[in-house]
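Here are my notes from going through this one. Have the structure open while you read.

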Amino acid sequence: MVRFLLNVLWFIFGSGFVLALGYGLAALLCFVFVVTIPFGVASLRLASYSLWPFGRTLVTRPTAGVASGLANVLWVVIAGWWLALGHIVAGVAQCVTIIGIPFGIANFKLVPAAFWPLGREIVDLGEAHVTAAA
């Protein structure tokens, strides 16, 4: 119940809707060009995660290969470090108040995803322990 309440508050006050909309628009732009479709898929994954972050986490896909690593390098140069920096600044600003601390932590959780999104997947917290053990 607490996760649901935090997700609803994040959606309304913590920029969840705005972040998801921005990542969704970036995905649509990436889908226009055939070469950037993997970045569009990563942007949709980020949109989903930024829309409802509490109770979910990112794990590295064991099947991710060298191609996703090389594409991540390109992503970091073009957009990743800007997005990560934006989440860090927003997280620090939200952690200034006691009420904003959970939202700041959610922004800090989005930093690795924004910086290095390819080769990762979003799982529920209960599934993360199972995936890590496998």
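This is a predicted model: local features need pLDDT of at least 70, side-chain atom pairs count only at pLDDT 80 or more; totals for chains, interfaces and linings use all residues.

1. I started with α1, residues 2-13. Its twelve residues reach 16 Å from the first C-alpha to the last, close to the 16 Å expected at 1.5 Å a residue. After α1 comes S15, with a positive phi near 75°.

2. Next is helix α2, residues 16-32. Its end C-alpha atoms sit 25 Å apart, which agrees with the 24 Å that 17 residues should span at 1.5 Å each.

3. Which residues of α2 are buried? They are G16, A20, Y23, G24, A27 and C30. Because these cover an arc of only 120° around the axis, they fall on the same side of α2. V18, L28, L29 and V32, on the other side of the helix, are exposed. As for what covers the buried residues of α2, the list includes α1, α3 (37-51), α4 (66-94) and α5 (101-115).

4. Now the cavity. Searching the whole structure turns up one cavity of 30 Å³ or more, and the largest cavity holds about 40 Å³ of space. Its lining consists of A42, R45, L46, Y49, L58, A113, P117, R120 and I122.

5. R45 and R120 are among the lining residues, if you want to look at them on screen.

Key:
Residues are numbered from 1 along each chain as its sequence is written. Side-chain values use heavy atoms; hydrogens and water are left out. Helices (H or I, at least four residues) and strands (E, at least two) are DSSP runs, numbered from the N terminus. The expected span of a helix is 1.5 Å times one less than its number of residues. Buried means under 20% relative accessible area, exposed over 50%, partly exposed in between (1.4 Å probe, protein chains only). The arc is that of the directions from the helix axis to the C-beta atoms. Contact means heavy atoms within 4.5 Å. On a 1 Å grid over the protein atoms alone, a cavity is a set of points where a 1.4 Å probe fits but cannot get out, and a pocket is an open set with protein on both sides within 12 Å along at least five of seven lines; lining residues have an atom within 4 Å of a point. Grid points are joined across faces, edges and corners, and a volume is the space filled by probe spheres set on the points.
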